[in-house]
Amino acid sequence: MATAVSRRDRRISPVFLGLVAIMGVSGWAVWTGSSASPGFAVFLFVVSGWVVSLCLHEYAHARTALHGGDISIGAKGYLTLNPLKYTHVALSIVLPVIFVIMGGIGLPGGAVFIERHRIRGRWKHSLISAAGPLTNVAFAVALTAPFWLGALDGVPEVFRYALAFLAMLQVTAAILNFLPVPGLDGYGVIEPWLSYRVRRQVEPYAPFGLLAVFGVLWIPEVNHAFFDAIDWVMRSLGVSEWETYWGQEFFRFWQGEPQLTP
């Protein structure tokens, strides 16, 4: 199926390359400490890295759908990794960035429009839905590799904290996305296996699933349990709560440069 997509449809967007460049330059500034404001450098590194991960998340959905049978994906520009080509730029890029700034939560987005009627087989539909959050999982594992490999010698302290916070965003995005709630990828994984009657009953609630999840997260007990689970996953990846905490503190540069304590 991929052969039906032209080379132009698969060409990486300059917008995405620009985001990668910002991530690289800001990461270098954090590593070397050459920025006049370390917090602002961390902010640019985390935000650009987060948007890059969102692009890869949606690309994974699109690429899997292409191989599953939806050859319309290429013409829609989803394979270029250009975030401006997504169906809901505000929902998939702007809102997630705002939630990162406000609360340090990796908000899952929904962006690519897949023509599901072109795809045959329940396993293919499930895999298409799972491909996005699995990308966040892979990104989290890659970002935390220096921690769980014990390869932190020579890694500057602030850069380590920035990596930890960016990795935590990937973990929150993966966990939230895999919830079996209508409108999220987790529900998309199980939906093909549900009866037609159940799917029809659930369909009207899909646009409100994400809002419901964040409404529930405002409940203190649920919020504590959620972040306890995040901390457990991060510790399993070799990252301490101390490191994610200071990563978020540096990220919030508008509050002033944090004073590290021993």
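Helix 11 (residues 220-236) has 17 residues, which at 1.5 Å a residue should span 24 Å; its end C-alpha atoms lie 24 Å apart, so the two values agree. The expected span is 1.5 Å times one less than the number of residues in the helix. Helices are DSSP runs (H or I, at least four residues), numbered from the N terminus. The structure is a predicted model, in which local features need pLDDT of at least 70 and side-chain atom pairs count only at pLDDT 80 or more, while totals for chains, interfaces and linings use all residues. Residues are numbered from 1 along each chain as its sequence is written, and side-chain values use heavy atoms, with hydrogens and water left out.

Four residues named as buried in helix 11 are Phe226, Ile230, Asp231 and Met234. Seen down the axis of helix 11, its buried residues fall within an arc of 140°, so they line one face of the helix. The arc is that of the directions from the helix axis to the C-beta atoms. Buried means under 20% relative accessible area, exposed over 50%, and partly exposed in between (1.4 Å probe, protein chains only). Glu221, His224 and Trp232 are exposed on the face of helix 11 turned away from its buried side. The cover over the buried residues includes helix 7 (157-177), helix 10 (209-217) and helix 12 (241-251). Gly238 follows helix 11 and has a positive phi, near 85°.

Helix 2 was examined in the same terms. Its 19 residues should span 27 Å at 1.5 Å a residue, and its end C-alpha atoms are 27 Å apart, which agrees. Phe16, Leu19, Met23, Ser26, Gly27, Ala29 and Val30 are the buried residues of helix 2. Down the axis of helix 2, the buried residues fall within an arc of 160°, so they line one face. Pro14, Val25 and Trp28 are exposed on the face turned away from the buried side of helix 2. Helix 3, helix 5 and helix 7 are among the elements that cover the buried residues of helix 2.

The largest nonpolar core has 66 residues, of which Val42, Phe45, Val46, Trp50, Leu166 and Phe251 touch the most other members. At least two residues of this core come from each of helix 2 (14-32), helix 3 (38-68), helix 4 (89-103), helix 5 (122-143), helix 7, helix 10, helix 11 and helix 12. A nonpolar core is a set of buried Ala, Val, Leu, Ile, Met, Phe, Trp, Tyr and Cys residues joined through side-chain atoms within 4.5 Å. Not counting residues up to four places away in sequence, Val42 touches Val30, Val158, Ala162, Gly247, Phe250 and Phe251. Contact means heavy atoms within 4.5 Å.

His61 lies in helix 3 and is buried, with a relative accessible area of 6%. Leaving aside neighbours within four places in sequence, the contacts of His61 include Val112, Ile114, Ile128 and Asp185. Ser53, also in helix 3, counts as buried at 1% relative accessibility. Ser53 touches Asn136, Phe139 and Gln170, with residues up to four places away in sequence not counted.
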